[in-house]
Amino acid sequence: MLGLSASATRGDVMRMLHATNIFAPNTIAVPLNEKGNPTFRLDTLAPANGFAHENAHDAMADVEATIYMAKLIRDRSPTIWQNMIRHSSKQNAIQFMEENVVFASADTFFGRSFSWILTHCGSNPEYSAEIAAFDLSFSPEDYLDLSVDELVGVLSGKTKPIRIIRANSQPILMPVDLISEMINSADQPADEIQRRADQIQKNKDFQSRMGQALNERFGDEDKSPYVEKNIYDAFPPKSDEVIMSKFHIAGWPERLDLAKQLS
């Protein structure tokens, strides 16, 4: 067993590997691809860390390689392991961001890793898993008085003073005690980072507008005419739920008529 909690927690080992590489460098060996960039492909990563992966892409061999890498993280960097397991829960991730005035987040894209020092600055009122976090390398004074529409523009701009974190995607989040080196090497001194975070936290009106901006940033987009592409937009109305219940117990002759009644 890997030491997961008794509540049948599930986690993405790839996200854990990214987090370990960023916040506990040299804990695992990360090979380079032909372009000289780090690669997290299992068939190269596992052998680089001592796993005999002769049957790469065989289903059972890939499962065994994944378990092997998970155990390496658990044994070599238990703090990273525990944080990432904790944040596989949406509610735990939200609670962490609400309780930690300053924290770090990170991600990896095509082998390149990025990290930010952040503070929670708003939640989407219609979608609780979507959190706005202010990048403390920016000055809050430039954004605190912006309207909802102006904040929508900031969210869609190329410069990203506000990061959008999805709490239901096992975000990489780390507390201050694990990022002291990151804070010490930041462009701003630690006391200025804390001052900026406190300034954001005290401004509840800004946080409210920020949450509204999250909710409205796609408001002008036309919905797709194809129902399959709308499944994440909203839950079906109650009237459709009643029809769907009838559909599943109806005979085939009745199902076409019921389907035509769906909104």
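**Close-up 1. Glu141 and Arg195 pair up in a salt bridge.** Their closest N and O atoms are 3.4 Å apart, and a salt bridge here is a side-chain nitrogen of Lys or Arg within 4 Å of a carboxyl oxygen of Asp or Glu. This is a predicted model, where local features need pLDDT of at least 70 and side-chain atom pairs count only at pLDDT 80 or more, while totals for chains, interfaces and linings use all residues. Residues are numbered from 1 along each chain as its sequence is written, and side-chain values use heavy atoms, with hydrogens and water left out. The pair links distant parts of the chain, 54 residues apart: Glu141 sits in the loop between β3 (130-135) and α6 (148-156), and Arg195 in helix α8 (residues 190-202). Helices (H or I, at least four residues) and strands (E, at least two) are DSSP runs, numbered from the N terminus. Glu141 is partly exposed at 39% relative accessibility, and Arg195 is partly exposed at 36%. Buried means under 20% relative accessible area, exposed means over 50%, and partly exposed is in between (1.4 Å probe, protein chains only).

**Close-up 2. Glu141 and Arg195 belong to a network of salt bridges.** Glu192 and Arg196 are the other members of this network. Side chains of opposite charge can pair when their charged atoms come close. By the rule used here, the count comes to 10 salt bridges.

**Close-up 3. Arg15 meets Asp107 in a salt bridge.** The N to O distance is 2.8 Å. Arg15 lies in helix α1 and Asp107 in strand β1 (residues 103-109), so this pair ties together parts that are 92 residues apart in sequence. Arg15 is buried, at 15% relative accessible area, and Asp107 is buried too, at 19%.

**Close-up 4. Helix α1 (residues 13-23) packs against helix α4 (residues 78-86).** The angle is about 135° and the axes are 10 Å apart; axes are lines fitted to C-alpha atoms, for helices over the stretch in contact, and angles run from 0 to 180 degrees between N-to-C directions. That makes α1 oblique to α4, the label left over once angles under 35 degrees count as roughly parallel, over 145 as roughly antiparallel and 65 to 115 as roughly perpendicular. Arg15, Met16, Ala19, Thr20 and Phe23 in α1 meet Ile80, Trp81, Met84 and Ile85 in α4, contact being heavy atoms within 4.5 Å.

**Close-up 5. Glu241 and Lys238 share helix α10 (residues 238-249).** Their side chains meet in a salt bridge (3.7 Å, N to O). They are three residues apart, about one turn of the helix.
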